[in-house]
Amino acid sequence: MAATTSFSSSLSLITKPNNSSYTNQPLPLFPKPFLKPPHLSLLPSPLSSPPPSLIHGVSSYFSSPSPSEDNSHTPFDYHNDEDDEKPREECGVVGIYGDPEASRLCYLALHALQHRGQEGAGIVTVSPEKVLQTITGVGLVSEVFNESKLDQLPGEFAIGHVRYSTAGASMLKNVQPFVAGYRFGSIGVAHNGNLVNYKTLRAMLEENGSIFNTSSDTEVVLHLIAISKARPFFMRIIDACEKLQGAYSMVFVTEDKLVAVRDPYGFRPLVMGRRSNGAVVFASETCALDLIEATYEREVYPGEVLVVDKDGVKSQCLMPKFEPKQCIFEHIYFSLPNSIVFGRSVYESRHVFGEILATESPVECDVVIAVPDSGVVAALGYAAKSGVPFQQGLIRSHYVGRTFIEPSQKIRDFGVKLKLSPVRGVLEGKRVVVVDDSIVRGTTSSKIVRLLREAGAKEVHMRIASPPIVASCYYGVDTPSSEELISNRLSVEEINEFIGSDSLAFLSFDTLKKHLGKDSKSFCYACFTGDYPVKPTEVKVKRGGGDFIDDGLVGSFENIEAGWVR
């Protein structure tokens, strides 16, 4: 059996108890309590569709009187950082086979996928001696890796991972790829997605004596492969995946193979490309292929297992195919505009979404601006269709980290002001259309509206390039529990009043599906409808801190194990 060598770029917390007595970690300067939603014990079932009264009017818009002076003390204002207001994708994965600089190419590809996760990164390579070697660390790719660390990762094939966690606390032991030794050798895995039956599987495995080192659902996959009696290796992967429910786009590495697999519904993206030297590359998005000069060949099909070794690339069927249910939010928010996802240009999708908004929800205005960066392409589409000039009315700072010291004299909307600066020359005295990709809790939108008015905007009209989000995602996207979603609790008119805009309009759900045409049935719209392709068996409840709630500050260690409850 091959040995497994591990190098860590930061101190592992794997042996620390789950309490607040950590001595090797900085304590938060300004910990903020999480306000538990009222009536938590009376949560609605996530399986039930939201009431029709909360879904009606997705394409309508309403006018409201001037906003109140301060909306900050409302039931929805749980958090202060605008990153809380966006769904967060769990991670990005990379796999490379047949290149002598596999680790460096993997490192570059992870840079291109950094937008999919900023909490941790890792790379596993197979050395010429057939030893799996891994380096993982907490932080950005550039913080985890340097020249000397990449020198410790020789070999011609590798897998990599960038992480934003939705299952498992934010600590080093949960940073992927995971590597394990078992009776047939060593195996490494990097996973994008979320398993809805993770707790059930883990309980079954523990009942039979399995010991877990992490709180990540990905570790379950390794255990299932280890106990499988199927031969050869790819059959053990198929055997394991047949027990999984939910979303998974995964890359595996063994001493002589690279394997890519995608769940039968194809929730999360995974593409295959090839470099000029013949090296095979897998990645979550095509933007990673572009950076390392790999030519895009095709998607990994839903339900497909691709095995790459010295004999070439072989395709295997994972299980009977279902109708694909690809995540529509990849085109609305997650993916970079220069990527091709699910066979469609992300840039073109967002541009059309903006055009639809301008057609269905026009308003007299002087300037169109975007909430950067994810609203920019839709705003360009809105401006082009409406004939109103697009300008940069909000400038985003790209140098604000997760932790920032707030002055003792409290500044209103501090977190938003750190990241977004209004341009008074663009806004003063103008009727402004603001295009954003989504509204989750509504608190950040209200702060942006207030910011624009303080900069002199005469009118502020919000246009949202997605339908209202009324339900949680269980397939690898970090969204709040349903009762925290403002569109699940208020009508469009009430949201407009809450955020203080002069008018508000969302992208019409029906028009979105019409635009997708014959492909519309192949997308998952659960966050807009509450109709889940794979029924979740575990209820998602935000309990504060840790990896589930990013409030822009360092969370307290008492809350580090936020997560899934039965």
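Q: How many helices and strands are there in the protein?
A: There are 16 helices and 29 strands. Helices (H or I, at least four residues) and strands (E, at least two) are DSSP runs, numbered from the N terminus. This is a predicted model, where local features need pLDDT of at least 70, side-chain atom pairs count only at pLDDT 80 or more, and totals for chains, interfaces and linings use all residues. Residues are numbered from 1 along each chain as its sequence is written, and side-chain values use heavy atoms, with hydrogens and water left out.

Q: OK, and what share of the residues is buried?
A: Of the 566 residues, 60% are buried. Buried means under 20% relative accessible area, exposed means over 50%, and partly exposed is in between (1.4 Å probe, protein chains only).

Q: Which residues have the most contacts inside the largest nonpolar core?
A: They are Ile328, Phe329, Val368, Tyr475, Leu512, Tyr525 and Phe528, in a core of 49 residues. A nonpolar core here is a set of buried Ala, Val, Leu, Ile, Met, Phe, Trp, Tyr and Cys residues joined through side-chain atoms within 4.5 Å.

Q: Which element gives the largest share of this core?
A: That's α9, with five residues. Other elements that supply at least two residues each include α8 (329-334), β20 (367-370) and α15 (509-516).

Q: And where does this core lie relative to domain 1 and domain 2?
A: Between them, because domain 1 (92-322) and domain 2 (345-398 + 405-522) both give residues to this core. The domain bounds come from an automatic or database domain assignment.

Q: What is phenylalanine 528 in contact with?
A: Leaving aside neighbours within four places in sequence, its partners include Ile328, Phe329, Ile332, Pro467, Phe509 and Leu512. Contact means heavy atoms within 4.5 Å.

Q: Back to α9: at what angle do the axes of α9 and α15 cross?
A: Roughly 135 degrees, and the axes come within 11 Å. Axes are lines fitted to C-alpha atoms, for helices over the stretch in contact, and angles run from 0 to 180 degrees between N-to-C directions. That makes α9 oblique to α15; angles under 35 degrees count as roughly parallel, over 145 as roughly antiparallel, 65 to 115 as roughly perpendicular and the rest as oblique.

Q: Which residues make the contact?
A: Val352, Phe353, Ile356 and Glu360 of α9 do, together with Thr511, Leu512 and His515 of α15.

Q: Switching topic, how many residues of helix α5 are buried?
A: Eight of the ten residues in α5 (residues 218-227) are buried. Among them are Val220, Leu222 and His223. The elements covering the buried residues include β9 (185-195), α4 (198-207) and α6 (233-241).

Q: Which residues does a cis peptide bond join?
A: One joins arginine 231 and proline 232, with omega about -5 degrees, and proline 232 is in the loop between α5 and α6. Another joins proline 372 and aspartate 373, with omega about 0 degrees. Aspartate 373 lies in the loop between β20 and α10. Most peptide bonds are trans.

Q: What is phi for lysine 130 and for aspartate 413?
A: Lysine 130 has phi near 65 degrees, and aspartate 413 has a positive phi of about 60 degrees. Most residues other than glycine have a negative phi.

Q: Is aspartate 413 buried or exposed?
A: Aspartate 413 is buried, with a relative accessible area of 8%. Lysine 130 is partly exposed, at 40%.
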